[in-house]
Amino acid sequence: MQNVRKRRGNNLHSIAGVCKENVPARKTSSFHFDLWFCLTLQNWILDFGRPIAMIVLPLEWFPLNKPSAGDYFHMAYNVITPFLMLKLIERTPRPVSRTAVHLCIVTFVMGASIHLVGDSINHRLILSGYQLHLSVRENPIIKDLKPASLIDSFELLYYYDEHLGHLMWYIPFFIILLFYFSGCFSKSEDEKKIPISGWLLLGPSALYYWYLVTEGQITELFLLTFLAMFAMMIFQHRKGLGPDCNGSFLFYSFSITVLLVSLWVAYLWNDPVLRKKYPNFLYVPEPWSYYSLHIRKSQ
């Protein structure tokens with residue numbers, strides 16, 4: 001009986017040893033250059049480059065009653081960005097609720113699609129003389145429309161484009177980044193070092209977020225996200241943890257963005273026309289409104 005018990009004990013120990021060997025070791029944090037590079041590149045091309053493509057490419061190629069080049073850029077953005085965000089979440093060491101992530105992705109796609117329609121019509125209005133630095137009712141091509149109820153329809157379009165579409169687009173976008181950032185903490189000093197490739201990518205990334213915040217008119221949402229990241233860092237610091245290379249890259253990008261937005265606001269602080277269009281508590285003019293007022297007029 002004792003021999004049988006010894007054999008059973010040895011078998012249990014051997015099984016436990018095999019199980020331990022089969023458990024995958026937790027991977028150390030490495031800089032996700034491929035994802036950050038793809039996100040930054042497609043943001044610059046498909047988001048920032050969208051209105052530029054609509055202006056530069058000949059109108060004969062894309063008639064006003066057909067989708068423009070910028071619309072196709074937006075369609076590609078609506079597919080590629082959610083995919084890259086999902087891949088980013090897959091690499092966070094900390095498990096995240098799949099239900100919450102999927103809900104954010106669905107809301108993101110719906111908001112970006114609403115914006116696609118509104119923005120497409122808005123850029124066609126620009127080609128017809130619509131002035132971005134003026135409100136809907138003050139625009140020369142709209143204020144004299146008959147019947148007057150048509151103006152309400154254009155204001156509804158503006159609401160879907162600039163308010164509802166942006167909120168449904170950007171709120172889940174920043175929530176997913178917060179989910180990702182919450183898992184980017186480590187005790188290892190080696191995991192906290194940003195590689196040279198990360199430092200080179202930092203400038204373009206921060207500059208794009210400046211464009212996103214100013215053109216998207218989401219200053220409050222961005223600042224809340226930045227403060228949440230800062231509070232998370234303080235909380236984790238008490239546990240002896242600090243952001244790893246990916247968390248530091250994201251936080252530094254947002255920090256530079258805050259500086260760039262502040263400089264932008266200071267530069268246009270005394271502009272009376274833009275002040276009239278943006279009477280909110282946080283005065284942050286849109287770059288394309290600045291282009292419409294100061295650059296396009298002078299050409």
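The model is a prediction, so local features are taken only where pLDDT is at least 70, side-chain atom pairs count only at pLDDT 80 or more, and totals for chains, interfaces and linings use all residues. Residues are numbered from 1 along each chain as its sequence is written, and side-chain values use heavy atoms, with hydrogens and water left out.

To begin with the overall layout, the chain has 10 helices and 2 strands. Helices here are DSSP runs of H or I with at least four residues, strands are runs of E with at least two, and both are numbered from the N terminus. Read from that end, the order is α-α-α-α-α-β-α-α-β-α-α-α. Of the 299 residues in the chain, 44% are buried; buried means under 20% relative accessible area, exposed means over 50%, and partly exposed covers what lies in between (1.4 Å probe, protein chains only). The accessible surface comes to about 16,800 Å², and 66% of that belongs to carbon and sulfur atoms. These areas come from the Shrake-Rupley method with a 1.4 Å probe, and for residues only the protein chains shown count as cover. As for contacts (heavy atoms within 4.5 Å), 77% of those between residues at least 6 apart in sequence join residues at least 24 apart.

Next comes the core. The largest nonpolar core holds 65 residues, and Trp36, Phe174, Leu177, Leu250 and Phe254 have the most contacts inside it. Such a core is a set of buried Ala, Val, Leu, Ile, Met, Phe, Trp, Tyr and Cys residues joined through side-chain atoms within 4.5 Å. Among the elements giving two or more residues to this core are helix 2 (33-56), helix 5 (149-182), helix 7 (219-237) and helix 8. Helix 5 gives the most, with 10 residues. Setting aside residues up to four places away in sequence, Phe254 touches Phe174, Leu177, Tyr209, Phe222, Thr225, Phe226 and Met229. Met229 and Gly247 are 18 residues apart in sequence, and their C-alpha atoms are 9.4 Å apart in space.

Helix 6 has its own points to look at. Ser205 lies in this helix and is buried, at 5% relative accessibility. Its side chain makes a polar contact with the side chain of Ser253 at 3.4 Å; a polar contact is a pair of N or O atoms within 3.5 Å where, within protein, one must be able to donate a hydrogen and the other to accept it, and residues adjacent in sequence count only if both atoms are side-chain atoms. Beyond four places in sequence, Ser205 touches Thr40, Phe249 and Ser253. Tyr211 is in helix 6 too, buried with a relative accessible area of 4%. Leaving out residues up to four places away, Tyr211 touches Asp47, Phe48, Pro51, Gly216, Pro287 and Trp288. The C-alpha atoms of Tyr211 and Glu286 are 8.4 Å apart, though 75 residues separate the two along the chain. In the loop between helix 6 and helix 7 comes Gln217, which has a positive phi of about 55° although it is not a glycine. Gln217 is partly exposed, at 26% relative accessibility.

Finally, the rings. The structure holds 27 aromatic pairs. Rings of Phe, Tyr and Trp (its six-membered ring) pair if their centres lie within 6.5 Å, with planes under 30 degrees apart counted as stacked, over 60 as edge-to-face and the rest as tilted. Trp264 and Tyr290 are edge-to-face because their planes stand at 70°, with the ring centres 5.6 Å apart. This pair links distant parts of the chain, with Trp264 in helix 8 (residues 245-267) and Tyr290 in helix 10 (residues 287-295), 26 residues apart. Both are buried. Trp288 and Tyr291 also form an edge-to-face pair, 5.1 Å centre to centre with 75° between the planes. These two are 3 residues apart in helix 10, so about one helical turn separates them. Trp288 is buried at 13% relative accessible area, while Tyr291 is partly exposed at 22%.
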